[in-house]
Amino acid sequence: MLENRDYTLIIDKSGSMATKDQKGGRTRWVVAQESTLALASKCEQFDPDGITIYVFSGKFKRYENVTSSKVAQIFQENDPSGTTDLAGVLKHATDDYLQRKAASQTKPNGETILVVTDGEPDDRKAVMKVIIEASRRIDRDEELAISFIQVGTDPQATRFLKVLDDELQSAGAKFDICDTVTMEDMEDLSLSEVLLNAIND
């Protein structure tokens, strides 16, 4: 299930990612780098041509065919600042998948999009709308999986991400394609489990 699949990682670099609320006084950005490296190494086993990485705040930057050896460089080139336009980057990533699908350029098992964020987007409704619209344009629910991995301990952000996980179908999504994992969950689960949960949610 994890093979023959594309992986895209979207990393929040908004100003709040510089907050130090992680174990050992580390910033959310440092923790995001560690998670990204681990995810990239794991995904490489299944997707040897590397993964697509987006880094976003008010604007986003896209990196293609990233292997674990390139992760440090991406984090050196980017620093946390700015707002959290999650809807904009998510729309670009889902549209990109749907365009490749229409051109028969996707892998047989579809795509997983992993979003590492501290979770408070500029526009919550816009984020929900992007996911609902993407869900209506796929044929099977496991074809496109979006997993939100929350860094930081903002309770409002946790609540919003839980809404994405549990309530989008009642808001009009065709399939439940979202899954939310907190950093605490991540500590108990292996990355393979996190990736599998994203697909099987």
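How much accessible surface does the protein have, and what share of it belongs to carbon and sulfur atoms? The accessible surface comes to about 8900 Å², and 47% of it belongs to carbon and sulfur atoms; areas come from the Shrake-Rupley method with a 1.4 Å probe, and for residues only the protein chains shown count as cover.

A note before the views: this is a predicted model, in which local features need pLDDT of at least 70 and side-chain atom pairs count only at pLDDT 80 or more, while totals for chains, interfaces and linings use all residues. Residues are numbered from 1 along each chain as its sequence is written, and side-chain values use heavy atoms, leaving out hydrogens and water.

View 1. Starting at the N terminus, the elements follow the order β-α-β-β-α-α-β-α-β-α-β-α-α; helices (H or I, at least four residues) and strands (E, at least two) are DSSP runs, numbered from the N terminus. The C-alpha trace spans about 45 × 35 × 35 Å along its principal axes. Of the 201 residues, 51% count as buried (under 20% relative accessible area, 1.4 Å probe, protein chains only). Take contacts (heavy atoms within 4.5 Å) between residues at least 6 apart in sequence: 77% of them join residues at least 24 apart.

**View 2. Helix α1 covers residues 28-46.** Its 19 residues reach 27 Å from the first C-alpha to the last, close to the 27 Å expected at 1.5 Å a residue; the expected span is 1.5 Å times one less than the number of residues. Look along α1 for its buried residues, among them Trp-29, Val-31, Leu-39 and Phe-46. Arg-28, Lys-42 and Cys-43 are also on the buried list.

**View 3. Glu-111 sits in strand β4, residues 111-117.** Glu-111 is buried, with a relative accessible area of 1%. Beyond residues up to four places away in sequence, Glu-111 touches Arg-5, Asp-6, Tyr-7 and Thr-8, as well as Tyr-97 and Arg-100. Glu-143, Leu-144 and Ala-145 complete its set of contacts.

**View 4. Ile-177 lies in the loop between α5 (155-166) and β6 (178-182).** Here too the residue is buried: Ile-177 has a relative accessible area of 3%. Leaving aside neighbours within four places in sequence, Ile-177 is in contact with Ile-131, Ser-135, Ile-138, Asp-141, Leu-144, Ala-145 and Ile-146. Val-151 is 26 residues from Ile-177 in sequence, and their C-alpha atoms are 20 Å apart in space.

Definitions and conventions:
Buried < 20%, exposed > 50% of the residue type's maximum accessible area, 1.4 Å probe, protein only.
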